[in-house]
Structures are given as structure tokens and as C-alpha cells.
Amino acid sequence: MTQSHPRISKAVIPAAGLGTRFLPATKATPKEMLPVVDKPAIQYVVEEAVSAGLDDVLMITGRNKRPLEDHFDRNYELESALQKKGDASRLAKVQESSDLATMHYVRQGDPRGLGHAVLCAAPHVGHEPFAVLLGDDLIDARDPLLKRMIEVQEQHGGSVIALMEVAPEQIHLYGCAVVEETADSDVVKVSGLVEKPDAADAPSNYAVIGRYVLDPHIFDILRKTEPGRGNEIQLTDALQQLAQDEKVGGPVHGVVFKGRRYDTGDRGDYLRAIVRLACEREDLGPDFRTWLRSYVAEEM
């Protein structure tokens, strides 16, 4: 029998990182504002939250992140100029970002890791389950991962993390889950987590990717979590405690994702994301694909 659990309505997006892998571009521009075709990466993430029914969005920011707030705010001067020109198409695009969701912002201050960033959301979230979306991970809108995670959380309670199978030689780049099968082919029970293990020590090839649906008990654990790998407060360490003791915050499940994901925190994958999404656009795709085929043929 399906259990009833509190409805999730809030999304938290940590966006306080320095973006050092994209220097010098991110010296004065937040990495989250780097364009993926013609929208900043962060807008795709907010759109994903809204598509999953979460229109109350808290962004965890830091120094030099003011452009994030400006992007989701109204720009009356620009809107007026476009209106006077009769440019309804571009006006709609400008207004779209400010009408997406109810946006809130809080500064992390001292960047002490993802766990600390999530803890900054506690006053806003309160005692409700909530979603966390990392800005570096773009999930294709045709693959509704977050919706599925919310369904699993509403069914089982507790917390739900997104997992993806990776090659053994890549597992050291991720948090890694110890899992048990369930009756659902895309859902596993998580009994343990290890942050970025060596390939030889990894308990599986299930990597944690940047989507979480969390029980609010995670805040109590994070307040007591000591800095771990990288001398940062790791969200993985807190989730490990939840996975080991279901009496505190319920079970931890994982949704195994096999859809399209783009890691815009990696320069190579960022470029691949732009190419893939541009190729699939009705307005850009036909001409761009023709050029791309010609370019590849010439280079080969």
C-alpha cells in the first residue's frame, strides 16, 4: 500500500563555486551564467525544477554571483527597448526567466563544501522534504529524472539520490553507492556511500550525480558532520549516516538514470552539450548540422 508523505514544493540550487576549471572566463562571470547555446546553464536547471512542480527555488550564492540574481529579475530598460522595437520574440525570451519561479537567494559566505551549502538552506526549507539540483549537471528535459525521484520519495519517504552507472576507471570522480535491488528496475536501496573512492576500493560502479531529494533530518546530521575529503563538509558523509540508520530520516533510495546528462562543469562536456543541444534545435539544428558534417569531413 502506498504511504502518504509530505508534498515536495521547494528546490535548492547550490551556486557558490568559483568555477576555476573555466578560468579566465569565470574571473568576473559566474560559471553558472556561461551560455549553453543561448541560455545560461543555470536557467536549464531552474526550468527542470519548475517542470517537476517545484516553483519555490532557493539559490545558494557567494561573492561575485550578483549576475545570477539579475538574470532572474526584471530588466525594465531592456524590456522597454524591445517593446518599442516591436521585437515580441526576444521580449518573451527576456521575460521568461523572470517569470519562471519564485526565486530566493542566500549567500554561503565561507565556501565549506556541498554539505555546508545545503545546510544554508535550512531556515528556508524548514521541516519539509526538498530537492537539491547541482548547477553543473544538466538533465535533458525529455528525461524527467527529478519527477521520477519525487515519485519514489512520495512512495517510500526518506531521501532519494540520482545514480548513474559509470566505467570503473571513472568512479573516483564521484560519490559511489552501495546498493540493493528493489521490485522496481530503476530503483535501488542505498545502504552505504563512499566519496570518490579509488577504483579498487569502490563498492559498485553506481555514481551519485547532481540530483537529490532529501529528508529534512539531513540538516541535523550536517550540523554535526566534521569536514571530510578536501577538508569540506560532504553531503555524501551525511547521506551515509541516513543510509545506515533508517530510524533517523527514513531510508535512502537511488533512481538509476539512463538518460541524457551533460556535465557543464567539465570543459569538454560543456562543449559537447552545446553541440548536442544546438543540433536538436529547430531554429538552429538544420544549418548547424550541415556545417558540422562538412567540418568533420574536412578535418578527417
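This is a predicted model: local features need pLDDT of at least 70, side-chain atom pairs count only at pLDDT 80 or more; totals for chains, interfaces and linings use all residues.
**Second pocket**

I checked which element gives the most, and H1 does, with five residues.

Next I looked up the size: the second largest pocket holds about 460 Å³ of space. I found 22 residues in its lining, and Tyr44, Ile139, Asp140, Ala141 and Arg142 lie nearest the centre. I sorted the lining by class and got eleven nonpolar, one polar and ten charged residues.

**Largest pocket**

Then I turned to the largest pocket, which has a volume of about 1,300 Å³. Its lining takes in 40 residues, and I noted the ones closest to the centre: Arg21, Lys31, Leu134, Asp136 and Lys196.

Which elements give two or more residues to this lining? I got helix H5 (114-119), strand S11 (206-214), helix H9 (235-244) and strand S13 (261-263). S11 supplies the largest share, four residues. By class, I have 15 nonpolar, 13 polar and twelve charged residues down for the lining of the largest pocket.

How many of 30 Å³ or more does a search of the whole structure find? It finds one. I wrote down a volume of about 80 Å³ for the largest cavity.

Its lining is made up of Phe22, Lys31, Glu32, Leu34, Ala41, Gly135, Asp136, Thr264, Gly265 and Tyr270. I sorted these too: four are nonpolar, three polar and three charged.

**A helix pair**

Last, I looked at how helix H3 (residues 76-85) packs with helix H4 (residues 88-99). I have an angle of about 160° for the pair, with the axes 9 Å apart. Over 145 degrees counts as roughly antiparallel, so H3 is roughly antiparallel to H4. I checked the hand of the crossing as well, and it is left-handed.

Which residues make the contact? On the H3 side I listed Leu78, Glu79, Leu82 and Gln83. On the H4 side I listed Arg90, Leu91, Val94 and Gln95. By class, the contact of H3 with H4 comes to four nonpolar, two polar and two charged residues.

How values were computed
Residues are numbered from 1 along each chain as its sequence is written. Side-chain values use heavy atoms; hydrogens and water are left out. Axes are lines fitted to C-alpha atoms, for helices over the stretch in contact, and angles run from 0 to 180 degrees between N-to-C directions. Angles under 35 degrees count as roughly parallel, over 145 as roughly antiparallel, 65 to 115 as roughly perpendicular and the rest as oblique. A crossing is left-handed if the near helix is turned anticlockwise from the far one by less than a right angle, and right-handed if clockwise. Contact means heavy atoms within 4.5 Å. Ala, Val, Leu, Ile, Met, Phe, Trp, Tyr, Cys and Pro count as nonpolar, Asp, Glu, Lys and Arg as charged, and the others, Gly among them, as polar. On a 1 Å grid over the protein atoms alone, a cavity is a set of points where a 1.4 Å probe fits but cannot get out, and a pocket is an open set with protein on both sides within 12 Å along at least five of seven lines; lining residues have an atom within 4 Å of a point. Grid points are joined across faces, edges and corners, and a volume is the space filled by probe spheres set on the points.
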